[in-house]
Amino acid sequence: MERLTEASIFLSWCHGDAAAKEALLGQLHLDALAGVRIAWWEDSHLMLGEDWRRQILARLAGCDYGLLLLSPGFFASRFILDEELPRLLGPGVDKVLPVMLKRVPLDGSRDLHGVDTRQIFTGSGGRCFTETRGAGRERFALDLTSAIRHRVLSDAA
């Protein structure tokens, strides 16, 4: 019987990128990975009346990885920069899975708060997700899913 590796993912994203986030998540199919079971959470899962800040911080503390959907809005969010990133990429913490959702310059012209020191997932030709269409979007999502599986299995080995 195949050994199953479990991992939890916290989705970190800018609410202004909701349409692009939904388009990407709709094609990831993380539930179909061989040998890996992924449980993911995002703040859209908060229920009526929950203490949103406490829930987010608890999920950040308990997750194995943070899937960072990078965009200009992501790096403009004070909550992401002040609360989420330090818990996912701070001293002694290595939980990030950065993905180029929307184009962010990597030429040093912007402060990317240490994310730029990590391997950032892009599609073929260095494209961000929103620069892809049709079959290119499907390929982006399939390749990202494979990269997530590979990272989880490598860390578990």
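The largest nonpolar core has 25 residues, and L24, L28, I38, L67, L69, V99 and I148 touch the most other members. The top contributor is α5, with 5 residues. The model is predicted.

I38 shows the packing in detail. Leaving out residues up to four places away in sequence, I38 touches A7, I9, L30, L33, I148 and V152. A separate core of 21 residues also exists, including F10, L70, L81 and V96. In soluble globular proteins, nonpolar side chains tend to be buried together.

Now the two threonines. T145 sits in helix α5. T122 belongs to the loop between β4 and α5. Their surroundings are set out below.

| Residue | Relative accessible area | Contacts beyond four places in sequence |
|---|---|---|
| T145 | 7% | L28, H29, L30, L33 |
| T122 | 27% | M100, R127, F140 |

Is T145 buried or exposed? T145 is buried, because its relative accessible area of 7% falls under the 20% cut-off. T122 is partly exposed, because its 27% lies between the 20% and 50% limits.

T122 and V99 are 23 residues apart in sequence, yet their C-alpha atoms are 6.4 Å apart. V99 is among the core residues that touch the most other members.

Definitions and conventions
Residues are numbered from 1 along each chain as its sequence is written. This is a predicted model: local features need pLDDT of at least 70, side-chain atom pairs count only at pLDDT 80 or more; totals for chains, interfaces and linings use all residues. Side-chain values use heavy atoms; hydrogens and water are left out. A nonpolar core is a set of buried Ala, Val, Leu, Ile, Met, Phe, Trp, Tyr and Cys residues joined through side-chain atoms within 4.5 Å. Buried means under 20% relative accessible area, exposed over 50%, partly exposed in between (1.4 Å probe, protein chains only). Helices (H or I, at least four residues) and strands (E, at least two) are DSSP runs, numbered from the N terminus. Contact means heavy atoms within 4.5 Å.
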